[in-house]
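Subject: Structure handover

Hello,

Here is the structure I promised to pass on. Please open it first, then read my notes below.

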Amino acid sequence: MTAPPEGAASDSQIEWLVTSYGAVLYKVAFAVTRSSVLAEEVVQEAVFQAWLSMPSWEGDVPIKWLRRVTRNRAISVMRKESRSTAEEGLELRTSSQPDVERIVEGREMMAAVEQALAALDEPSRTMVVLRETEELSYDELADLFDLTPSAVKAKLYRARHAMRARLEEWDL
Amino acid sequence: MSARALRSRRPSDRTLRRWLASGRPRRIGRLIESQPEVAARLDALSMLDRAHAGALHGVVATPEGFDERVVDGVQRRHDEYTAASVLADLLGLGFHVGGVLLEATDDDERPDSK
């Protein structure tokens with residue numbers, strides 16, 4: 001854990017929080033919401049909550065707490081979103097086929113990986129993202145998801161296998 | 001040790017792949033905890049290839065201008081929070097002053113205050 005700047009003004013504390021932790025919190029929020037717009041809103045809220053509780057940190061940044069707050073906030077946003085999309089008769093981005101337009105744009109691999117990721121359930125999606133891109137340990141993931149490390153491994157292995165199978169199905 | 005016992009201790013790759021795809025046989029899930037070697041093989045069998053892992057990094061990377069937008073958004077929340085706190089303080093002060101004035105008025109109306 002890293003210590004925040006001592007005695008800094010609130011503006012620089014906010015900038016420091018965003019620069020230091022924004023990217024990882026965005027990954028958590030994006031994995032849950034599958035929307036960069038919603039993920040940014042969630043990160044804003046999480047960083048604001050973090051800034052509010054900074055005086056009680058006693059020097060260190062509680063990154064575990066930050067990840068948890070972000071994930072919980074993202075889940076809460078998604079509950080509201082799914083209610084409103086259900087009311088509007090819209091569908092969330094869970095298509096089983098790659099988005100044709102993005103393939104034409106020449107970003108087929110990323111588009112396909114995004115869609116394969118989107119097809120996973122939420123805990124699995126976030127686990128894959130945090131393990132593959134942030135190299136979180138099984139213990140850290142277990143703490144975030146309130147599971148045993150073995151349960152995390154089981155979910156993670158099966159989720160990655162499902163992604164692989166889907167990508168192979170699409171010849172990617 | 002019998003051949004069957006040996007098989008149950010060391011499942012084949014085929015069995016592991018079947019478990020990855022279907023969750024069956026269930027005993028494989030239990031072996032993850034008791035046999036690190038099984039966990040390591042499942043890890044290897046389910047690993048994303050380099051291209052897919054690289055693409056995943058791109059998918060979850062922060063969009064351009066992310067830091068600036070988030071800082072602005074947090075500042076906005078911060079300003080709203082500060083304004084709400086000031087308003088709450090003013091309301092609190094108003095109630096306090098009102099209370100003091102009422103108390104003073106009550107005192108004025110007492111017979112012994114005249």
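In chain A, 41% of the 172 residues are buried. Please keep in mind that this is a predicted model.

Chain A has eight helices and zero strands. From the N terminus on, its elements run α-α-α-α-α-α-α-α. I also looked at how far apart in sequence the contacting residues of chain A are. Take the contacts between residues at least 6 apart: 65% of them join residues at least 24 apart.

Next, chain B. It has 114 residues, and 17% of them count as buried. There are six helices here and zero strands. Along the sequence the pattern reads α-α-α-α-α-α.

Now the core. The largest nonpolar core holds 60 residues. Leu25(A), Ala29(A), Val43(A) and Val47(A) have the most contacts inside it. Which helix gives this core its largest share? That is helix H1 of chain A, residues 10-33, with twelve residues.

Chain A puts in 36 residues and chain B 33. On the chain B side, five helices each supply at least two residues: H2 (13-22), H3 (27-34), H4 (36-46), H5 (50-59) and H6 (66-109). H6(B) gives the most, with ten residues. By class, this side of chain B has 18 nonpolar, ten polar and five charged residues.

One helix pair in chain A is left. How do H6(A) and H8(A) lie relative to each other? Helix H6 of chain A spans residues 122-134, and helix H8 of chain A spans residues 149-169. Their axes come within 9 Å and cross at roughly 90 degrees. Angles of 65 to 115 degrees count as roughly perpendicular. H6(A) and H8(A) are therefore roughly perpendicular to each other.

The residues that meet there are these:

- From H6(A): Pro123(A), Ser124(A), Met127(A), Val128(A) and Arg131(A).
- From H8(A): Val152(A), Lys155(A), Leu156(A), Ala159(A), Arg160(A) and Met163(A).

By class, this contact of H6(A) with H8(A) has seven nonpolar, one polar and three charged residues.

Best wishes

Technical notes
Residues are numbered from 1 along each chain as its sequence is written. Chains are lettered from A and ligands numbered from 1 in the order in which they are written. This is a predicted model: local features need pLDDT of at least 70, side-chain atom pairs count only at pLDDT 80 or more; totals for chains, interfaces and linings use all residues. A nonpolar core is a set of buried Ala, Val, Leu, Ile, Met, Phe, Trp, Tyr and Cys residues joined through C-beta atoms within 7 Å. A residue is buried if 20 or more other C-beta atoms lie within 10 Å of its own, exposed if 12 or fewer, and partly exposed in between; C-beta atoms are placed from the backbone. Helices (H or I, at least four residues) and strands (E, at least two) are DSSP runs, numbered from the N terminus. Two residues are in contact if their C-beta atoms, placed from the backbone, lie within 7 Å. Ala, Val, Leu, Ile, Met, Phe, Trp, Tyr, Cys and Pro count as nonpolar, Asp, Glu, Lys and Arg as charged, and the others, Gly among them, as polar. Axes are lines fitted to C-alpha atoms, for helices over the stretch in contact, and angles run from 0 to 180 degrees between N-to-C directions. Angles under 35 degrees count as roughly parallel, over 145 as roughly antiparallel, 65 to 115 as roughly perpendicular and the rest as oblique.
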